[in-house]
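Open the model in your viewer and keep the selection panel at hand. The stops below say what to select and what is there.

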Amino acid sequence: MLSKRYLLSCAAATVLGFATPAAAQTAEVIHWWTSGGESAAVKVFADQFTKAGGKWVDTAIAGGPNARTAAINRTIGGNPPTAMQFNTGKQFDELVEAGLLADVDAVAASQNWKAIVPPAILEAVTRNGHAYAVPVNIHGQNWFFYSTAAFAKAGATEPKNWDDLFVQLDKLKAAGLIPLAFGDQKNWERNMFNNVLAGVGGADGFVKLWGKRDQGFVKGPGFRKVAETYRRLKGYVDPGSPGRNWNDATTMVIQGKAGMQMMGDWAKGEFTAAGQTPGKEYGCTVVSDHGGGYVMGGDVFAFPKPKTADVAKAQTLLASTMMAPATQLEFAQKKGSIPSRTDLDVKSLDICAQKAVASVANKAAQIPANELLSPPALTGAVEDIISAFWNDNTMTTDAFVAKVSAALASQL
Amino acid sequence: MRFNLRFVSGRIAAQVALLPAMLIALTVFCGATGWTVWISLTNSRMLPNTNFIGLRQYGSLFANERWIVSVQNLALFGALFIVISLALGFLLAVLIDQRVRAEDLLRSMFLYPFSMSFIVTGLAWRWILDPTLGISKLAHDLGFEAIQFDWLVRQDRVIFTLLAAGVWHAAGLVMAIMLAGLRGIDQEIWKATRIEGIPAWRTYLFVVLPMLKGSFATATILMATSVVRLYDLSVAMTNGGPGIASEVPAKFVMDNLFERQNIGLATAAATSMLVTVVAVVAPLLYWQSRSAERAAR
């Protein structure tokens, strides 16, 4: 293992050394990391890139859809940035099909991504056998964050499975707390549904719904149980939840007003900003009926086809810098994610991240996130149905199942 | 002869001067509209393509529950918004027309909401109506525990909160238009009706109101355009929620165009909106130009 790592870092050093000419290579990077923790994280990339001899030009555009739209429009218009951010998944499919992206096969080969990147993540950046993006991190999307103070007050304990979760929620409710803090917006309604799907339906169910669009699964008892469990959660949120922002919901857990929140690991940034540490003021866990299941999403950077050799060199340098071990660890610390390579010593990360690394090490527990499995159009169509189901108490489980099944079948 | 020549060359010069504007209008408006209609007949996703699939996008559009809800919302919102704004605006104008004291101040106050964008309006009303922040909390803090105002988070009522914000925003503008119309009414008419002993309210209703046809048409068209492009109010106030209860067509188009990478469906929705608008607004415009012609005669 050690010798392998040594070889890898040699390979990385060769790439870096090779790609460091006298003149600085300029890379303009479009991304949407604008909040406090996020900009600290992206600064890690910028600093490491500068150290490696490049010149980082930062184009931060607030809001993922806005940043992606700007980057795509510039790429189609013939004035592409050097690199642009996407979420791990299908967002850049058509750019690859249209031949607008450069592959990063050389970097992938020299750093041996096949051996060190989890298969689902590697697959998410690979099209027709070529790697078209650098997976810079892995975000877990199905965490439960809970206030240890609220749990102590209610006598609740960390939930072990979904039945136990409802026992704990009832305890919190009996103690006069808001059991479940929720920022009730469409995408978080879907995220909560996905959490139930992963926990109750398991990795298998998750992939069957979003990836295989399996009608048999959707019409079967497993999916019904997921839907009913999801509906049951509604009894544990407060009346102020509709329209609330997710980070305001996190604040409710931070203040101990609410017991827990289901959210991705980016919520840790809010706890950190409030001066709280995992394992002390708040706890984190993934609840599953199937012995574990970690919904993995994340971020990638893709590289539009370079117009000059200089740009090509800058792209190679940037790609290898982003995946270099030191960059990966420091970035994950700042971002709250975990590294996208599994060969690192993660003692420097917080205990939630260490739990995540342990989960990801178990291949059976790896669940590719929603956006890795389904195109945005399908995701959106099903999201609307999930949202209607959550909000409209008169919609029956049968109607929900029928609508989801129709949406899966009707996508062009 | 010479006069005629000068007349002709003058017309040519005018047309040459208009040419750039016409070209821009033709290429930008007609060209972009045509392109939108064409893309709506393809299976474009993130990038526009030319795979013709006929009307299938329209099929899935009208099978889409969210689109149907959006259209219903817009119809309900639009009808109530126009009627209430017109009625309220007219009423305010009549009240101010009574030569009240501090007329300038009142006029500015009523017109003031219109100076704010829908985003600001929406955000302010969201805070006002939020059951855990706004008037509901105020009432609770004052001891009125029984008062529960949660329309913002109720699926069956949320559209009326949008309506309240919209009317608040627009009534002042209608008032200004109506007031201008009222001030344009010949004083002789008032004198005549007074001599006849007709009560003021009947004069307003049966004499003045019909004379304000033009003002009503102008106000209606202004209201109608803001109904069609209703987007920011929904985004700022509810983001379409709870669920899909306050979705509107423009938001459907925007979401599918960008976030959902579904250009084909988005352009189909945009085209459907255009067809509806043309069907509704064209007769209105025709009616307005006819009444303007008649007034000129």
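Helix axes are lines fitted to C-alpha atoms over the stretch in contact, and angles run from 0 to 180 degrees between N-to-C directions. Helices (H or I, at least four residues) are DSSP runs, numbered from the N terminus. This is a predicted model: local features need pLDDT of at least 70, side-chain atom pairs count only at pLDDT 80 or more, and totals for chains, interfaces and linings use all residues. Residues are numbered from 1 along each chain as its sequence is written, while chains are lettered from A and ligands numbered from 1 in the order in which they are written.

**Stop 1: a helix pair in chain A**

Select residues 186–210 and 221–233 of chain A, which are helices H10 and H12; their axes lie 9 Å apart and the packing angle is about 155°. H10(A) and H12(A) are therefore roughly antiparallel (angles over 145 degrees count as such). Their crossing is right-handed, meaning that the near helix is turned clockwise from the far one by less than a right angle.

Now show the residues in contact (C-beta atoms, placed from the backbone, within 7 Å). On H10(A) they include A:Met192, A:Phe193 and A:Val196, and on H12(A) they include A:Phe223, A:Val226 and A:Tyr230. By class, this contact has nine nonpolar, four polar and one charged residues. Ala, Val, Leu, Ile, Met, Phe, Trp, Tyr, Cys and Pro count as nonpolar, Asp, Glu, Lys and Arg as charged, and the others, Gly among them, as polar.

**Stop 2: a helix pair in chain B**

Move to H12 (249–257) and H13 (263–296) of chain B, whose axes come within 8 Å and cross at roughly 155°. That makes H12(B) roughly antiparallel to H13(B). The crossing here is left-handed. B:Phe252 and B:Leu257 are among the H12(B) residues in the contact, with B:Ile263 and B:Met273 among those of H13(B). The classes are 10 nonpolar, one polar and no charged residues.

**Stop 3: between the chains**

How many residues does each chain give to the contact? Chain B gives 28 residues and chain A gives 24 residues. On the chain B side, select H2 (56–62) and H3 (65–96), the elements that give two or more residues. That side divides into nine nonpolar, 10 polar and nine charged residues.

**Stop 4: confidence in chain A**

The average is 90, and 94% of the residues score at least 70. Residues 7–22 of chain A are below 50, and this stretch has 18 contacts beyond near neighbours in sequence in the model. Where pLDDT is low, the predicted coordinates should not be read in detail.

Terms used
pLDDT is the predictor's confidence in each residue, from 0 to 100. Two residues are in contact if their C-beta atoms, placed from the backbone, lie within 7 Å. Angles under 35 degrees count as roughly parallel, over 145 as roughly antiparallel, 65 to 115 as roughly perpendicular and the rest as oblique.
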